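Subject: Structure handover

Hello,

Here is the structure for your use. My notes on what was found in it follow below.

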Amino acid sequence: MSTLVFLEHHGGELQKGSLGVLAKARSLGDADAVLVGSGVSALAAEAGSHGAKTVHVADDASFDPPLPQPRVDVIAHVVREGGYDTVLFANSVLAADVAAGLAARLEAGLNWDLVDITTDFVGKRPALGDSVTVDVGWKRTPRLALFRAGSFDAGPSGGGEPQVAPVAIELEEHSRAATVVGQELEVATGPSVEDADIIVAGGRGLGAPENFTLAEELAKALGGAVGATRAVVDAGWYPYSAQIGQTGKTVSPKLYVALGISGAIQHKVGMQSSNVIVAINKDANAPIFEFSDLGVVGDVHEIVPKLTELVRQRRS
């Protein structure tokens, strides 16, 4: 088994999802990684501490814009030169584009939305609204796999200093056709929902956009992030970046607190893998109580401020 993991990075930091996939790959045997970007050589040592034996580094200013096709060129070159039979990705907008482009370039099979993979190359994918898990496979190599966010723990594996292999290739002509003319970065007011161990999410049950301060204050007291349902995002109450669910982010925090969320299947698939789920809703028949570890039937406007104050007192 020769496995290569695409490590995504933003703001000079390796992404938690990519490191989780690397840790999983390392648990199956030797695993290597590939880094593409500007100034990424400094991240190679961190990749080694998470289990990468060899880190292929394409470090050049031309890779600075997060465009998929130049990354496809690099990874395709590394796969062919290194003879890798498996390439793993943690799901993101960029990784999905790269994985799809690589599958077309190498005429390889791509399985997506996986949550696990076994040593005999059987992928595990949720189906039927995440009510069951099905086995999927590949007909030939290289095998490409895209894993759902939060599938694996990103903790260090005790690896050592990796071998760094510089990659220098000539990009394909079509890969130079797209140009980034500008970027607008959202200013983060707290941890992202993908990386947070604690998430406080709000739904339409909060009543109005200004009532999201209830979720924000509780999240701040707990040291967590704020999430939202699709209905809330579509109504313009909260930014899309906080959306959790089938068409938003998939998360698996240690604690998930749902405020005024009914628990529709579209939301459930994005957060049901949370370790502990606490739901507060005035509707005793809300579906979310069916899969919550702790359910509180009551008015969020009365309960949450008291809960927030209790958390502050306990932490002080």
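I begin with a loop residue: Phe121 lies between strand E8 (116-117) and strand E9 (123-127). Please keep in mind that this is a predicted model. Phi of Phe121 is near 60°, which is a positive value in a residue other than glycine. The relative accessible area of Phe121 is 18%, so the residue counts as buried, the cut-off being under 20%.

Glu107 also has a positive phi, near 50°, and is likewise not a glycine. Its place is the loop between helix H4 (93-106) and strand E7 (109-114). Is Glu107 buried or exposed? Glu107 has a relative accessibility of 62% and therefore counts as exposed, since the cut-off for that class is over 50%.

Pro142 sits between strand E10 (132-136) and strand E11 (143-147). The peptide bond that joins Thr141 and Pro142 is cis, with omega at about 0°. Gln243 belongs to the loop between helix H6 (230-234) and E15. With a relative accessible area of 3%, Gln243 is buried. Neighbours within four places in sequence left aside, the contacts of Gln243 are Ala228, Thr229, Arg230, Val233, Gly248 and Lys249.

Next, the sheet that includes E7 and E11.

This is an open sheet of seven strands, in the order E7-E11-E6-E1-E4-E5-E12, and its pairing is parallel. E7 and strand E12 (163-166) are the edges; each has a single partner strand, so one side of each has no neighbour in the sheet. On average, and with direction ignored, neighbouring strands here are turned by 25° against each other. At the E12 end, strand E5 (residues 52-59) runs parallel to E12 and is joined to it by four bridges. His56 stands opposite Ala165 in E12.

Helix H3 lies across strand E1 (3-6), strand E4 (31-37), E5 and strand E6 (86-90), and runs at about 150° to E4. H3 (residues 68-82) also packs with H4: their axes come within 9 Å and cross at roughly 50°. The crossing of the two helices is right-handed. On the H3 side, the contact is made by Pro68, Gln69, Arg71, Val72, Asp73, Ile75, Ala76, Val79 and Arg80. H4 contributes Leu94, Asp97, Val98, Gly101, Leu102, Arg105 and Leu106. Sorted by class, the contact of H3 with H4 has nine nonpolar, two polar and five charged residues.

The other sheet to report has five strands.

It is open, with the order E14-E13-E15-E16-E17 and parallel pairing. Which strands are at its edges? They are strand E14 (225-228) and strand E17 (294-297), each of which pairs on one side only. Neighbouring strands of this sheet are turned by 20° against each other on average, direction ignored. Strand E13 (residues 198-202) and E14 run parallel and are joined by four bridges.

Helix H5 (residues 213-222) lies across E13, E14 and strand E15 (255-259), at about 175° to E13. Helix H8 (residues 300-315) lies across E15, strand E16 (276-281) and E17, at about 135° to E16.

H5 and H8 pack against each other as well, with their axes 9 Å apart and an angle of about 20°. H5 is therefore roughly parallel to H8, as angles under 35 degrees are classed that way. Their crossing is left-handed. In H5 the residues involved are Leu214, Glu217, Leu218, Ala221 and Leu222. They meet Val300, His301, Val304, Pro305, Leu307, Thr308, Val311, Arg312 and Arg315 in H8. By class, this contact of H5 with H8 has nine nonpolar, two polar and three charged residues.

Regards

Conventions: Residues numbered from 1 in each chain as written. Predicted model: local features only at pLDDT ≥ 70, side-chain atom pairs only at ≥ 80, totals over all residues. Heavy atoms only, no water. Pairing = 2+ DSSP bridges. Axes fitted to C-alpha atoms, helices over the stretch in contact; angles between N-to-C directions. Contact = heavy atoms within 4.5 Å. Buried < 20%, exposed > 50% of the residue type's maximum accessible area, 1.4 Å probe, protein only. Left-handed = near helix turned anticlockwise from the far one by under 90°. Nonpolar A, V, L, I, M, F, W, Y, C, P; charged D, E, K, R; others polar. Parallel < 35°, antiparallel > 145°, perpendicular 65-115°, else oblique.
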